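Here is my note on the model you sent. Please read it with the structure open.

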Amino acid sequence: MNELHDKVAVITGAGSGFGRELALLCATEGMRLVLADIDMAGLDATQALLPAGTQVLTQRCDVSSPESVEDLATQTWARFGAAHLLFNNAGVAVAGPTWTTTRADWQWVLGVNLMGVVHGVQSFVPRMLEQDEPCHVVNTASVAGLLSVPASSVYCVSKHGVVTLSECLHHELRAANAKIGVSVLCPAFVSTGIADAARHRPAELADANPLAAPFEARVRKAVQSGKLTAVDIARATMDAVKADHFYILTHSNIRPAIEARMRDILDGRQPTNPMP
């Protein structure tokens, strides 16, 4: 997709982080925006940063709910009559040893990170196919979708799922001769607010890993030391959309760890710890 002016971009998780920066870049391209998040205060803050005259629909959306995402699609077509660029971007994270993870950890993270993407694809892609116009879907995964990081099994499982879902979707759309491109975004540590995602964790899913704290502290430190910003990731993502690139690997320093994992698999070796 090279021509973005006056096209419609739908962004989940638009109240902070990558979603906010993607919204600003899409607005700069002259796109019409549909911004969704469970955090309405965050959405209001994003909207306040948009250039004057930007056409925008903001809507509270819980991506773990298929009904909520379907309503987002319905409202998108009711307002703008189309969607051309879909960012399935909303995400949350937990940490801690696998043997002390809780069912609530799994339900919350998989519900948002993986099923949120599933729901986005199911609600938007059929409508995009009917449009028969150039469109693009960007699913936010992580390098955790390409690596197996200790104390991050819940998060890694969710993001590995997003990567393979995106690959399958790419193959299926190519086989159908669809005008819809697909990209999967796999950044490493970036300050986005995901480390504070627990503030929006549902009360009924509050039973968290009792050994999470030291690992979460380690992640926060890594995030704070990251050299790339959410702005950098958003720019790389928009460039990838325009160039129809599938894998968006924003952190070059993580490539050796990905290569080592592939080699471990092919050579039948014990898995290498990507974060010793």
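1. Start with a definition. A residue counts as buried under 20% relative accessible area and as exposed over 50%; in between it is partly exposed. F189 has a relative accessible area of 31%, so F189 is partly exposed. Bear in mind that this is a predicted model.

2. Where is F189 found? F189 lies in the loop between β6 and α6 (213–224). Together with V219 and M275, F189 makes a nonpolar surface patch of about 210 Å².

3. Now the overall form. The chain has eight helices and seven strands. The C-alpha trace spans about 50 × 40 × 35 Å along its principal axes.

4. Next, burial and surface. Of the 276 residues, 51% are buried. The chain exposes about 12900 Å², and 54% of that comes from carbon and sulfur atoms.

5. Then look inside. In soluble globular proteins, nonpolar side chains tend to be buried together. Here the largest nonpolar core holds 53 residues, and W108 and F124 touch the most other members. Several elements supply at least two residues each, among them β1 (8–12), α3 (66–80) and α5 (153–175). The largest share, eleven residues, comes from α4.

6. Which residues does W108 contact, leaving aside its neighbours within four places in sequence? They are V92, A93, V94, A197, A198, R201, P202 and L205. There is also a second, separate core of 29 residues, including L4, A9, L85 and M238.

How values were computed. Residues are numbered from 1 along each chain as its sequence is written. This is a predicted model: local features need pLDDT of at least 70, side-chain atom pairs count only at pLDDT 80 or more; totals for chains, interfaces and linings use all residues. Side-chain values use heavy atoms; hydrogens and water are left out. A nonpolar core is a set of buried Ala, Val, Leu, Ile, Met, Phe, Trp, Tyr and Cys residues joined through side-chain atoms within 4.5 Å. Buried means under 20% relative accessible area, exposed over 50%, partly exposed in between (1.4 Å probe, protein chains only). Helices (H or I, at least four residues) and strands (E, at least two) are DSSP runs, numbered from the N terminus. Contact means heavy atoms within 4.5 Å. Patches are made of residues with over 30% relative accessible area and no salt bridge: like charges are joined within 9 Å, nonpolar side chains (Val, Leu, Ile, Met, Phe, Trp, Tyr) within 5 Å. Accessible areas come from the Shrake-Rupley method with a 1.4 Å probe; for residues, only the protein chains shown count as cover. A salt bridge is a side-chain nitrogen of Lys or Arg within 4 Å of a carboxyl oxygen of Asp or Glu.
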